[in-house]
Amino acid sequence: MNKQIKADLMLLMITVFWGASYMLTKLGLGNLEPFNLTAIRFIIAFILSAAVFHKKVLSADKKTIKYSLILGMLLVGMFISMTYGLQYTTASNAGFLISLSVVLIPIISFFFLKQKIEKKVILSLCLVIIGIALLTLDTQFRINVGDLLCILCALFCAVHVIVIGIYTKEVDSIALGILQLGFAGLFCIIISMITESVKLPNTPISWFSVLMLSIFCTAVGYIVQSTAQQYTSATHTGLILSLEPVFSAILSYIFLKETLALRGYIGAALMLISVLNAELDLNSIFKRKDEKKSLSE
């Protein structure tokens, strides 16, 4: 098994965890305020991962610390927009909207990294606009604030994937992945102390959601992402992460009994098609199938 396949399998594993994170965050918000929940999540994740990889953390140089600080700020923007967004929209909606990051990655790469944008991405953007409209607009053609915040989260997520792909080529990936969690936790606890009433979870379901978010969705998730992205591209990472809303919708249906209206399912399907089209050359796939069919005839 080569490094590319191992990286893909690692990313697929954390995609399942992150698909569950919307449901777990929704549960955690029943007892904790947004910054409070996010702070506890990152602090626990940092303590656990730093305890395991303490030698790498203690040997981190100034460049690693600087890069971790930047990534930590991006994580704060990403998770706070998601957490506040989940107060006003469903976990299923959030999962599909945040998957927009997969389409945003090549667009941002074009403007800031001068990477050529492919024609298929333009088609994906058209499908995404229609998909968002069907998924989020109500009968009076209004989009709620929760959906807007989830779209903002998608932007933060896209930037984070691109930046971490650049940084892991220059510094130790494990130290980078752990330290970004520490900075994110520090920023969130400061904001929570200023704007909220800080407290620990006080119900079994709250502790369950916080520990699952901390251990699997954060500590394991971001260390694995940092490590795996050394062996694959940001765009390829985006393709695998595009499966996240599928797991989110399935788990939200099973545990939260969340369902979408018919137009919502159509919109979600269009968004998934747009994501796959942005990352896979569907035209070439169909063309090859037609060629094989012609040869067989």
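Visitor: Why is threonine 25 called buried?

Guide: Threonine 25 has a relative accessible area of 1%, and buried means under 20%, with exposed meaning over 50% and partly exposed lying in between, for a 1.4 Å probe and protein chains only, so threonine 25 counts as buried. This is a predicted model, in which local features need pLDDT of at least 70 and side-chain atom pairs count only at pLDDT 80 or more, whereas totals for chains, interfaces and linings use all residues. Residues are numbered from 1 along each chain as its sequence is written, and side-chain values use heavy atoms, with hydrogens and water left out.

Visitor: Which residues is threonine 25 in contact with, leaving aside its neighbours within four places in sequence?

Guide: Threonine 25, which has its place in helix H1, is in contact with Leu37, Arg41, Met82, Thr83, Leu86 and Leu213, where contact means heavy atoms within 4.5 Å. The side chain of threonine 25 also reaches the backbone oxygen of serine 21 at 2.7 Å.

Visitor: Why are H1 and H12 called oblique to each other?

Guide: Helix H1 (residues 3–28) and helix H12 (residues 244–256) pack at an angle of about 40 degrees, with their axes 7 Å apart. Angles under 35 degrees count as roughly parallel, over 145 as roughly antiparallel, 65 to 115 as roughly perpendicular and the rest as oblique; H1 and H12 are therefore oblique to each other. Their crossing is right-handed.

Visitor: How do the residues of the contact of H1 with H12 divide?

Guide: On the H1 side, the residues that meet H12 include Trp18, Tyr22 and Lys26, and among their partners in H12 are Glu244, Phe247 and Phe255. The residues of this contact divide into ten nonpolar, four polar and two charged; Ala, Val, Leu, Ile, Met, Phe, Trp, Tyr, Cys and Pro count as nonpolar, Asp, Glu, Lys and Arg as charged, and the others, Gly among them, as polar.

Visitor: At what angle do helix H6 and helix H8 pack?

Guide: Helix H6 (residues 101–113) and helix H8 (residues 145–167) pack at an angle of about 60 degrees, with their axes 8 Å apart. That angle makes H6 oblique to H8. The crossing of H6 and H8 is right-handed. The contact is made by residues including Leu104, Ile105 and Ile108 of H6 and Ala158, Val161 and Ile162 of H8, and its residues divide into twelve nonpolar, two polar and no charged.

Visitor: What makes helix H5 mostly covered?

Guide: Eight of the eight residues of H5 (residues 91–98) are buried, among them Ser92, Asn93 and Phe96. At the start of H5, a side-chain oxygen of threonine 90 reaches to within 3.0 Å of the backbone nitrogen of asparagine 93. Alanine 249, which is found in helix H12, touches Ser92 and Phe96, not counting residues up to four places away in sequence.

Visitor: How many helices and strands does the protein chain have?

Guide: The secondary structure comes to 14 helices and zero strands, and 51% of the 297 residues count as buried.

Key: Axes are lines fitted to C-alpha atoms, for helices over the stretch in contact, and angles run from 0 to 180 degrees between N-to-C directions. Helices (H or I, at least four residues) and strands (E, at least two) are DSSP runs, numbered from the N terminus. A crossing is left-handed if the near helix is turned anticlockwise from the far one by less than a right angle, and right-handed if clockwise. A polar contact is a pair of N or O atoms within 3.5 Å; within protein, one must be able to donate a hydrogen and the other to accept it, and residues adjacent in sequence count only if both atoms are side-chain atoms.
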